[in-house]
Amino acid sequence: MLARLRGPSWLALAIIALLALSAVWAIDPIRDAATGGVVAEATLDRSAGYLLIAPISAILDTLTLLTVRQHVALVVTLVLGWAAWWWWSRRETDLAIPPGRRAVRLAARIGIALAALVGLYAVAVMVPRPMAALRTDSPALLAVDFHAHTRHSHDGRWNWQAEDVRRWHRKAGFDVAYISDHRTFEGAREGWANNPTQAGTETLLLPAIEVVWQGEHVNVLDADRMYRGILDEPLRDVDTEALALASLVPGNEPVLIETIPGNLSKVISAKGRGTPGVRAIELIDGSPRGLAQGRQQRARILDIADSANLALVTGSDHHGWGHAASGWTLLILPGWRAAPPEEVSRAIPATLRAGGRGATKVVERYVANTDEAALVPFTVPLVAWGMLRTLSSDERVVWLAWIAAILLLSRVRVMRRRLSGEP
């Protein structure tokens with residue numbers, strides 16, 4: 001029986017075994033980013049479209065949420081593994097040819113592997129697909145992204161409009177997204193102009209801007225409508241004196257959010273009411289570099305937030321690439337769903353000012369952390385195992401259906417070749 005099993009059959013059996021084993025040690029796909037605990041207030045919803053292509057959804061989501069080191073480890077592992085497998089399966093043929101031709105063949109195989117990976121990454125970041133969305137269990141809860149971009153940022157996707165930002169965030173389960181472009185308010189103004197009159201009927205796009213203060217990148221909430229006077233003419237930097245003046249009125253201080261990646265030793269936090277400074281800090285930033293610092297230096301970020309009473313927030317740092325949210329910020333705002341956008345726009349900064357460290361809860365998608373030097377070489381198996389552990393029961397059923405369908409198609413192809421007399 002075992003002798004009759006082919007490569008695809010062995011692979012299918014291995015995946016089925018991993019699906020069964022990972023179900024025993026299953027974990028929630030989302031967790032409290034500060035404590036690592038369960039998020040009782042929310043669940044991750046997978047739509048029918050997401051489930052229909054469950055293996056593709058899970059793999060591309062995971063790929064989108066990797067750090068820089070993990071991307072490098074993935075590419076190196078898969079390329080070398082592909083070359084080694086190909087050489088082992090055809091070693092007798094390869095050893096019979098001259099060394100020069102053998103090297104050319106190996107280079108060609110590595111090139112094929114790299115081209116396939118480039119194609120996979122292109123699909124992950126460019127091709128629209130269903131998204132997993134956060135669903136909260138209380139009408140008073142608000143899911144916010146404090147850091148998003150449009151085409152008006154120099155590094156934004158060329159055709160990424162404000163309404164694309166709204167659509168992406170709606171699909172990911174956000175109630176509010178702050179458009180914080182670099183050196184411009186154009187994207188934020190476009191988003192604000194098309195907001196609904198009642199907040200709970202559609203994802204709100206609120207204005208912010210990403211600028212530099214004391215050498216660090218910060219997002220300033222409501223900078224166009226309320227605090228434009230604290231920025232220099234090119235809209236690149238915060239004027240320190242103007243910020244101090246604007247912060248003199250208690251309860252009306254500009255809310256600056258420290259973004260990551262950044263130099264955590266340079267975080268200048270506000271010292272209380274009526275003082276200038278950072279009042280919130282990103283615990284999660286969705287860029288590969290931001291994800292890396294958020295995971296590697298999480299304890300330090302939490303220590304800064306605790307000691308300075310800073311609110312913890314999430315920023316997707318989304319520029320139009322990819323279709324998976326790395327995290328969400330949850331706030332409690334009773335009655336927000338029936339409120340106009342102006343009221344919500346005032347209430348969110350007020351909540352951050354007043355509540356500080358206790359104002360928010362940060363929810364993150366789980367991805368195995370392999371950024372430590374000792375774990376980097378094991379990125380592929382550890383991340384894959386972590387991905388399988390987060391699958392829902394419905395997803396596991398769909399994975400099995402896909403495996404059965406692929407095996408059936410493979411068997412049909414073999415039978416047709418035999419009937420036609422092909423070797």
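Trainee: How many residues in the lining of the largest cavity are nonpolar, polar and charged?

Mentor: General idea first: rolling a probe the size of a water molecule over the atoms shows where empty space is left. On a 1 Å grid over the protein atoms alone, a cavity is a set of points where a 1.4 Å probe fits but cannot get out, while a pocket is an open set with protein on both sides within 12 Å along at least five of seven lines; lining residues have an atom within 4 Å of a point. Here, the lining of the largest cavity divides into 11 nonpolar, 3 polar and 3 charged residues. For the classes, Ala, Val, Leu, Ile, Met, Phe, Trp, Tyr, Cys and Pro count as nonpolar, Asp, Glu, Lys and Arg as charged, and the others, Gly among them, as polar.

Mentor: Keep in mind that this is a predicted model, where local features need pLDDT of at least 70 and side-chain atom pairs count only at pLDDT 80 or more, though totals for chains, interfaces and linings use all residues. Residues are numbered from 1 along each chain as its sequence is written, and side-chain values use heavy atoms, with hydrogens and water left out.

Trainee: What volume does the largest cavity have, and which residues are closest to its centre?

Mentor: It holds about 150 Å³ of space, where a volume is the space filled by probe spheres set on the grid points, joined across faces, edges and corners. Of its 17 lining residues, Thr62, Arg365, Tyr366, Met387 and Thr390 are the closest to the centre. Helix 13 gives the most to this lining, with 3 residues. (Helices are DSSP runs of H or I with at least four residues, strands are runs of E with at least two, and both are numbered from the N terminus.)

Trainee: What about the second largest cavity: what is its volume, and which element gives the largest share of the lining?

Mentor: The volume is about 70 Å³, and helix 10 supplies the largest share of the lining, 3 residues. Among the lining residues are Leu291, Arg295, Arg298 and Glu364. By class, this lining has 4 nonpolar, 2 polar and 4 charged residues.

Trainee: And the largest pocket: which residues lie nearest its centre?

Mentor: Leu11, Ile15, Ile59, Leu78 and Val380, out of 36 lining residues. About 1,600 Å³ of space lies in this pocket. Helix 13 gives the most here, with 8 residues, and the lining as a whole has 31 nonpolar, 5 polar and no charged residues.

Trainee: Now packing. At what angle do helix 3 and helix 14 cross?

Mentor: Two packed helices are described by the angle between their axes and the distance between the axes. Helix 3 (residues 54-64) and helix 14 (residues 393-419) cross at roughly 115°, their axes coming within 8 Å. Axes are lines fitted to C-alpha atoms, for helices over the stretch in contact, and angles run from 0 to 180 degrees between N-to-C directions. Angles under 35 degrees count as roughly parallel, over 145 as roughly antiparallel, 65 to 115 as roughly perpendicular and the rest as oblique, so helix 3 and helix 14 are roughly perpendicular. In contact (heavy atoms within 4.5 Å), Ala54, Pro55, Ile56 and Ala58 of helix 3 meet Glu395, Val398, Trp399 and Trp402 of helix 14. That contact has 7 nonpolar, no polar and 1 charged residues.

Trainee: How do helix 4 and helix 10 pack?

Mentor: Helix 4 (residues 68-89) packs at about 110° to helix 10 (residues 288-296), with the axes 7 Å apart. Their contact has 2 nonpolar, 3 polar and 3 charged residues.
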